[in-house]
Structures are given as structure tokens and as C-alpha cells.
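I opened this entry to keep track of what I looked up in one chain. The notes follow the order in which I checked things.

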Amino acid sequence: MTKPQKLAIANGETLQGKYPEGIAWDSLNTPYLRTFTAATLLSEGLARNSKGTAIDFMGKKITYGELDTFVRQAATGLQKMGVKKGTKIGLYMPNTPYYPIMFMAALSIGATIVNFSPLYSEEELATQIKDSDTEIMVTMDLKDFFGKCESLREKGILQNIIKCDLDKMLPPLKATLYKLFKASDIAHPKNDYNHIAFSDLIDNGINYRKPKFGADDIAVLQYTGGTTGTPKGTMLTHFNLVANAHQIAQFFAANEHTPKDAMTIGQSTERVLATIPYFHVYGMMTAMLAPLQSGNEILMLPNPRDIPATLKAIHSNKPTIAPLVPRLIQAIDESPKTAWQAFKADKKNGFLKRTFNALTNYPLLRPFDLSSIKGVISGGAALPTATAESFEKMVGRTNIILQAYGLSETSPFAASNPGHGANKSASVGLPCPGTEIKIADPNDPDKIMNIGEMGEICIRGPQVFKGYYGKPEESAQVLTKDGWFLTGDLGHLDDDMYVHITDRKKRMIIVNGENVYPNQIENKVTKHPSIAECVVIGLPDESAGEAAKIFIRFKNNAAQPSEQELRSFLKDSLSRSEMPKYFEFVEEELPKTSVGKPDWKTLQDTERAKLTTKPTTQRTPLVP
């Protein structure tokens, strides 16, 4: 008997009985939340844990009460600078206490935050400053940061700079060492009028005036990653951020039905590892705003690439919750082999010095205890199953990694595997409270596909953005009149209403008229135990229209199979159309975007530019 088909839409009706017991999809009190602004997220944390630690930054601890005072002083200073409702204030720095201080201070007086990647060049900074109408940039006292901003100030692209001295947010000994050993990296402004020091900004009483602004005003301009086009500023409202922080709190809250081994996020009881950058929407929400709302402690690290420092921080400070991206999970998992390679490569020092370096910096000869981590929220990209299993073995706990899904346009939390209930490693989980997800025909957003059928993932909920800044036409292309956001991601819903992602629409390759999805190929290739990472791109092909090319990097010290051996390994899991036509093996880490995602577009553009021939046939893409 044929199984009756069901429409692929997850909402209040179809999600009944699908959520873990004790968690209600419709528990979000949106009218009540609309009475708040994003700055009140700190007020909630302050009320829960006023004397508790809000931030631990390299040993410097700031309580919730102290953080609130900093914020109020900075808000007063900003108003004295002339900041008004709607003034765009950029944050251009790594994770430091200055980030949440200036973030909350700006939002307290109705200004709008613009997040800038710490990896931006001066040209990229200038482009985003102009696009966002940023007037003031908050940055660090390091040459790599302040120097670029000062240059843009002199060119008239920036109106003012707020300079934050790193040593003032360090413990006394580390502050002294910083000024001593990093003296050559510290910026010395050419002119005092080019900037105001943070210490001067807060050197006043607390008497700022709160202008009239509300839930629908723009709190943050969050720029997209730009992997499929020019980065755009997503307009996230105060309500978007407030709702999303509460969605996280409710989805992972404990209740009387919660098993003892469930992954829950408590209030005023957790230490949250903050190594993912705050400029990225995922880091901003999961490692800053949500922990502050819950009154939890943030273990803040400035450099996500410094894996030894991350391991030391986990070992010494015992974080319980770790929002991570697959790249970081993979780097931590590979760290012992990376350490051994570095140990062997250190030819300039003698054995004793090399051993000292290993003991100091590498996890090879100094085992680290990671067992405090009870939950990892993985987002930003697909996480290979083999990497997840290996990481959990390293931590000493199973079933702790929960894959989640979100975008800049959804603040970002849209779906996640729950902390108790089914944790499907091949899925990004259930829609979070108050969020509807449907799978639509990619050519007709009003036509809903059936359960199990692939289509475009569409999201509707209180966290969905207002539109792209200054781009009404592009906003209209992805936001429907009835409130659905067309994500551009392809996927399906299963019978349990879990979301499964296949790939980006724009990334799809057409091989002999068949739809081929690079992400599916990558997932199957990384099951090989020797492969650390891979990226698949599409190239023009005279006979097939398009063909797949794969770039592969092997794990350190792992056996390196030949192309023929890999083809043999993949022949049973990939179709003829999916099998890459070209293989290229690389030694260096594959390129990443500024937010740490595999930069397939740069690879694809580079490879296509090398080609001197074009396909002789043009094929019309088929709709999945």
C-alpha cells in the first residue's frame, strides 16, 4: 500500500509530538518580548547574576555589575560624541571585553552596530563602511587595526575612531608583558584629533538619555559571507535579537522531563567558550548575547586560530558549553598530530628546547582534559561524521555535538538538534520555538514539496531579518509578502520534521543534465580516514556541460591514497555523475571565507579563469 504523502511544512500543527517532552514550540511570548530592546538582554543577565562573572578574558574577570557600569559609562560617552538614534557604529576587533561593552552601549542609545571582520583589508573596510554608512569605528590599539582605521579617517571615509587599549583589559602581569613584548605592534596615532581613547570615552558620570526606539528599529547590520555574491548588510532588529536569544534559552532549558544526561543550558550556571569571532552572527548570538541573557560566564578568547591556547583554556577554566564551527572542531581533533609534525619540523632548536616548546604549546606531550564540555553546538557548515566521532572520543563523552542551522538573515538560530531526544547527525534538527520551516519548489515558493522531497528551505519566524540595507530589490527577491525568507539552501524534511540540508542552490552542478550537489560529494569523501578536508567545485565541460573537480588535503602523517584508490573507495557511494572528473591534492589548508567556511567560490573562480576553452553545449538546469 502506498504511503500517503504529507506536505513538507513544520509549524505549530505538524510539530505536535515532535518536540522533546517539556519543550513547547509555541512557548515564545512574542508580544511580551516586543516590549524589550536588545540592550535589555544584559539587564536580564544582570538581574540573574549581578555579582557573578560575566567575562573571563585571559584571566581578567569582569562581573555583571562591572560590565553594566562600563556599558552605561560608554553610552554616556557616545552621546557626548554626538551619537544619535540610527548612528552607525562599527566594531572592528577580535573578541575582547570591549566588544560586548561597546555593542550594548551603542544599542542602549538607539545606535546601530555594524560588525566588521578582523581579517578585512583596508579596501574591504572602506567598501563596507561606505555601504553601511558607518560613521564611527571602534577598534584596537594594534597597528593592524588602528592603522587601517586611521588611514581611512585621513581619507575622509571615517568620521571618528574609538581606540581601545588591550593592556587595560588584561591582568596586571599580562598587561606588563604585553606592553613589553608587543611594543612594536602597538599603534601610535599620528594626531590626537583622529580618535578618542576608550578610557576618555568612559571618564564621565552615567547620565545618558534613552531616545525613543523600539522593537522594529535596526540594532545590527550583519554582513553576509559573500560566497555567492557581494556581501549584503542584513538588517537585524532589536526584536530579532531578543527573540533569538530567548529561543535558544527555551530550546535548551531543563524541565521535569529532562533526562540527567541531556545537553541543557542553565542560567547563571554555565561557562560558555567564546572562541568563534563576535563579528560573525553565530558568534555574536551564541557566544555573547545568549550567554549574557542567561547570566552565564563567558570564557573569551581573542584568536580562534590559536588551538594550543584554546586547549589550555578548556583544560584550566572548564567551560561547559562550546559553540564551535566544523573548522575549529577539526583543528582541535587534529591537534595531537599537528603538534607532532611541528615538533619534528622544529630543526633550529635542540632537543631540550624542542621538548620545552612542545610541553608549553603542543597537546602532544601535555594531555589536556576536555571533559568539562557537556555540549557543542556546531554551526556554519556541515560537520563530517568521522570528525564528530573523533572529537567526542577526545573529549571523553558521546552524543555531545548538536548540529544546528542558521543564517545571517535569521539572527542566526533557526533549527538545531535538541539537547534531549533524537540527535540526528545527518540533520540540522528541528525548527526552534516559534519558527516555521517549509520546503518549497525552487521556482515557486508558494508550492510546498512533500516530506522527503528536496526543495528550497524557507523560514518564517520572529528572528527573520527586515531586509538588506539599501537594497530593496534584493530584499524583495528573498522575502515574500507573507513573511517567508527564501534561504537559497536546498534540503528536505523527514517524517520527524527534522531539517536536512543538501547544498546551496547556486552551488549545484549540472552533469549530463543531472543535478549534482558538491556538499553531498564532500560528505562521502571525508568518510575516508586519511582525508582532513575537501572542496568540490564545478567547471565547464565540453561533453557533459559541467564537471566536478575536487581539492583534497590529507590529515597530517596519514597514509595518502592515490586518485585511483580514492575512486575505488568512492565507487559504491557516488553515482557516475557525482564522481569528480578531476582530483587535485594540496598540502596547505584549503581557503576559507572570513567567517571560516570553505571558500569554494574563490577556488571555482580561480580554476575557471585558467580555462581557455568553454563548453560547446549549453544545458538548462533541472529543478530537483
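I counted a salt bridge where a side-chain nitrogen of Lys or Arg lies within 4 Å of a carboxyl oxygen of Asp or Glu. The model is predicted, and I read every value below as computed from it.

**Entry 1, salt bridges**

I started with Lys424 and Asp494, whose side chains meet in a salt bridge at 2.8 Å, N to O. Lys424 lies in the loop between strand E16 (413-416) and strand E17 (430-431), and Asp494 in the loop between strand E21 (485-493) and strand E22 (499-504), so this pair ties together parts that are 70 residues apart in sequence. I noted that Asp494 is buried, at 13% relative accessibility.

Next I looked up Arg507 and Glu522, which form a salt bridge at 2.4 Å, N to O. This pair also links distant parts of the chain: Arg507 is in the loop between E22 and strand E23 (509-511), Glu522 is in helix H16, and they are 15 residues apart. I found both Arg507 and Glu522 buried.

I then traced bridges that share partners, and these join Glu533, Arg553, Glu589 and Lys592 into one network.

How many salt bridges does the structure hold? My tally is 33.

I also checked Glu154 and Lys190, whose side chains meet in a salt bridge at 3.7 Å, N to O. They come from distant parts of the chain, with Glu154 in helix H6 (residues 143-154) and Lys190 in the loop between H7 and strand E8 (196-197), 36 residues apart. Glu154 is partly exposed, with a relative accessible area of 44%. Lys190 is exposed, at 60%.

I looked for disulfides, for which two cysteine sulfur atoms must be within 2.5 Å. The count comes to 0 disulfides. Cys149 is in none, and the nearest cysteine sulfur, that of Cys164, is 10 Å away. I recorded Cys149 as buried, at 0% relative accessibility. Cys534 is buried as well, at 8%.

Which residues of helix H14 (residues 385-395) are buried? I listed Thr387, Ala388, Phe391, Glu392 and Val395. They sit on the same side of H14, because they cover an arc of only 130 degrees around the axis. On the other side of H14 I found Glu389 and Lys393 exposed. Gly396 follows H14, and its phi is positive, near 95 degrees.

I repeated the check on helix H17 (residues 563-570), where the buried residues are Leu566, Arg567 and Leu570. Their arc around the axis is only 100 degrees, which puts them on the same side of H17. I then asked what covers the buried residues of H17. The cover includes helix H16 (518-525), strand E25 (531-541), strand E26 (545-554) and strand E27 (582-586).

I noted a nonpolar patch on the surface, formed by Leu173, Leu177, Leu180 and Phe181. Together these residues have about 470 Å² of accessible area. One of them, Leu177, is in helix H7 (residues 172-181). Leu177 is partly exposed, with a relative accessible area of 39%.

I found a cis peptide bond between Ser411 and Pro412, with omega at about 5 degrees. Pro412 is in the loop between strand E15 (401-406) and E16.

Ser268 has a phi of about 65 degrees. It is in the loop between helix H9 (238-251) and strand E11 (271-274). Is Ser268 buried or partly exposed? I have Ser268 as partly exposed, with a relative accessible area of 31%.

The other entry is Met497, with a phi of about 70 degrees. I placed Met497 in the loop between E21 and E22. Met497 is buried, with a relative accessible area of 3%.

Key. Residues numbered from 1 in each chain as written. Predicted model: local features only at pLDDT ≥ 70, side-chain atom pairs only at ≥ 80, totals over all residues. Heavy atoms only, no water. Buried < 20%, exposed > 50% of the residue type's maximum accessible area, 1.4 Å probe, protein only. Helix = DSSP H or I, 4+ residues; strand = E, 2+ residues; numbered from the N terminus. Arc of directions from axis to C-beta. Contact = heavy atoms within 4.5 Å. Patch = residues over 30% accessible without salt bridge, like charges linked within 9 Å, V, L, I, M, F, W, Y side chains within 5 Å. Areas by Shrake-Rupley, 256 points an atom, 1.4 Å probe, with all protein chains shown as cover.
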